There are 2 protein chains.
Amino acid sequence: MTAEIITIGDEILIGQIIDTNSAWIAKQLKNINISIGQITSVSDSKEAIRQTLQEAAGRADIIIVTGGLGPTKDDITKITAADYFGTHLMRDAKVLAHVEDFFKQRGLEMLEINLQQADILANSEVLFNDVGTAPGMFVRQDNKYYFFIPGVPFEMKFLVTNRILPILSTLDIGQSIWTQNIITAGIGESFLANTIADIEDALPDYIKLAYLPKYGSVRMRLTAIGQDASALRQETEQFANRIVDRVRSHVISTEDLTIEEVIIKEFAKRNLTLSTAESCTGGFLAAQLTAVPGCSQIFTGGTIPYSNKLKMQLLGVTEATLSSYGAVSEQTVIEMANGSKKNFETDYAIATSGIAGPDGGTSEKPVGTVWIAIAGKEKVITKKCQFTPNRQVNIELATAYAYNMLWNLFHTENNFSIE
Amino acid sequence: MTAEIITIGDEILIGQIIDTNSAWIAKQLKNINISIGQITSVSDSKEAIRQTLQEAAGRADIIIVTGGLGPTKDDITKITAADYFGTHLMRDAKVLAHVEDFFKQRGLEMLEINLQQADILANSEVLFNDVGTAPGMFVRQDNKYYFFIPGVPFEMKFLVTNRILPILSTLDIGQSIWTQNIITAGIGESFLANTIADIEDALPDYIKLAYLPKYGSVRMRLTAIGQDASALRQETEQFANRIVDRVRSHVISTEDLTIEEVIIKEFAKRNLTLSTAESCTGGFLAAQLTAVPGCSQIFTGGTIPYSNKLKMQLLGVTEATLSSYGAVSEQTVIEMANGSKKNFETDYAIATSGIAGPDGGTSEKPVGTVWIAIAGKEKVITKKCQFTPNRQVNIELATAYAYNMLWNLFHTENNFSIE
């Protein structure tokens, strides 16, 4: 059984918002062995929605549609779907009571367009939306399963988790999917591929190997699809073990983890703590860490000393260093990292300072110049990077490099090796 | 002329990565009046890629394909495209020299699979990739424009900016697009729609109005498509002005800005400064602000006092407050905001403290409980929020609420009104 996701909304097609819903839905479906064949984003146009529904139904068994269920006139998913199914809309009493209650509880006046939120496809089963006013709908037609849910992320997540997954879990999917990840650091994609070429050549048809390089780290993903779940798992693990044996010193994890998650896990095991001191990354670096549940086990806290004054006040960077070498310098990031480690009593500290751009560059320190320092248990390591003219890219690259450097220093100082 | 974007890669379909490329490309194309009809993500499978190319060419004039151009075996875009066009691959001498130079400069050994990076579609024109080893390709066939570029974001951005846009800019697009945004805060989507219903009804067919609600703020977007650029602009602006007149007190901007961008702009005009003190948002709140170029004009810096010790050390929260009320309390966030404002000498300060989850909740303070405080020029405002069980959603909601609260306090204290 395969599924497709359709996201509806001009805001995606003009680049005003990024579609984060689809990746989230895909992950949930993969967990119950349903693979996604295609993700399609189309505009708020009847013709486009109809055609996309038709094409998706020609390829997939399960079609999940998000967006276009709001109360305003640009939301045309319901009326278009009614047309597609040859049905009509009808007001649902239970949904209506919920919508009325929703407004009452918030002390808001109710408008005619809000009543319409209670209209559902006559051929559908309501997917009750506890956290919003737009109901989800489930239609089973011609052996296809259609789900319509709002695009607001937390409403979408509620409906997928509590309404759609329970329905899909009862289906006979007819296949198992097993994936195994191997995360490496400090080895390039081509070298990795070359080093394990014979193992890759020996893979059977039903096990695929993908390489996902990202800023100095490469994630290898083995995906096996077939009937026998336990055989798939066993076989995939055998291949994964062979790969790990071959490149052991570069492997940082065999779980589906980000480098931040690996760091939290390995630091926590050893009761190590971390603090951050971010100038050019502006909180992004800490946000990657604090996005992970349980980060408080290792993360004491951080500072974002944007001004020179705060670099001195919070981290003890000296005025002499700032005036002699400037805020974007090796000397400054060393003092930032050491100050963070000392003042906040942590085992490790990360410091960044750079010209994120797009303005502020000089011929000596052009936009994209970033200094990173990691203070460890015994020593401080530093790196000067020359990134891009793009601010967001520079922030993300600096963060990725910093976590790779932290990993390397941790790895050396703690004799880490994957089991 | 319409365009479609095709992204290739299993990693998108299993939800391992979020497709941020498409939104970025869509924005660039909109700037040169090319609208995107559809965005499609398909797997690394020959059949899927072929079919998707065919369908896209049936609908659009311009087809931009990203991904699957790397050196490893799972990258099959080139070979599949050769098949689709009925052509073959040939090694390009200039690209080969570039790839060799790329490896030499980095002191890396060159492998056979790296040489293959220099193979291009025989019917294509090379889009030279200065920042990576995978070249882009441009194919013109049957009056359609096909572009193939790598999916690595900074390489993709380089090739779109420096290679694709210059080619597309020479085409006769045959239409103009004009968009006008109106950003509001503190008024619900339905009420907004109701208040301006007569204006919306008066819109001609070629001007569409979309409502994009997001956490307490609603963005209205007028999009006009037609032949005469200046007439479109004039007419759209007239409607926008009528809407702004009608809901003036709720309008925070008529530019395509995020609330963080509006805050930076309006604070900078008045020489106001801001600092942040984030516990549960963990740097995410500051990262939204520091993502904006020029934020250093208003942002002095921030702290992420995850531990209670740092709340006291950095912000002067008292031990008595923490032990009597706990870290997640109105008293604590007030002391955090006041401490941040005082210690870092800023005009405004934001503080957050909460149970982001998924663990750590109690019956009294369940997961999703977040306290927010804003210290302003004259007073401190606070809010207790009860969000969701999801950590990332809670972090994002807390950030959005905090910026809305900051806006409201700024608005009141500075008699802000849109011109």
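In chain B, strand β15 pairs antiparallel with strand β16 (residues 369–375), over six bridges. Strands here are DSSP runs of E, at least two residues, numbered from the N terminus. Two strands pair if DSSP finds at least two bridges between them.

Quick caveats. This is a predicted model: local features need pLDDT of at least 70, side-chain atom pairs need pLDDT 80 or more, and totals for chains, interfaces and linings use all residues. Residues count from 1 along each chain as written, chains are lettered from A and ligands numbered from 1 in written order, and side-chain values use heavy atoms, without hydrogens or water.

Now the other neighbour. Strand β13 (residues 274–278) of chain B runs parallel to β15(B), joined by five bridges. There, E278(B) has T352(B) as its bridge partner.

Is β15(B) buried or exposed? Seven of its seven residues, 348–354, are buried, so the strand is largely enclosed by the rest of the structure. Buried means under 20% relative accessible area (1.4 Å probe, protein chains only). Both faces are covered, with Y348(B) and I350(B) among the residues on one side and A349(B) among those on the other.

Last, chain A. An automatic or database assignment gives domain 1 (1–167), domain 2 (174–251) and domain 3 (257–412). The C-alpha centres of domains 1 and 2 of chain A lie 36 Å apart.

Definitions and conventions. Buried < 20%, exposed > 50% of the residue type's maximum accessible area, 1.4 Å probe, protein only. Helix = DSSP H or I, 4+ residues; strand = E, 2+ residues; numbered from the N terminus.
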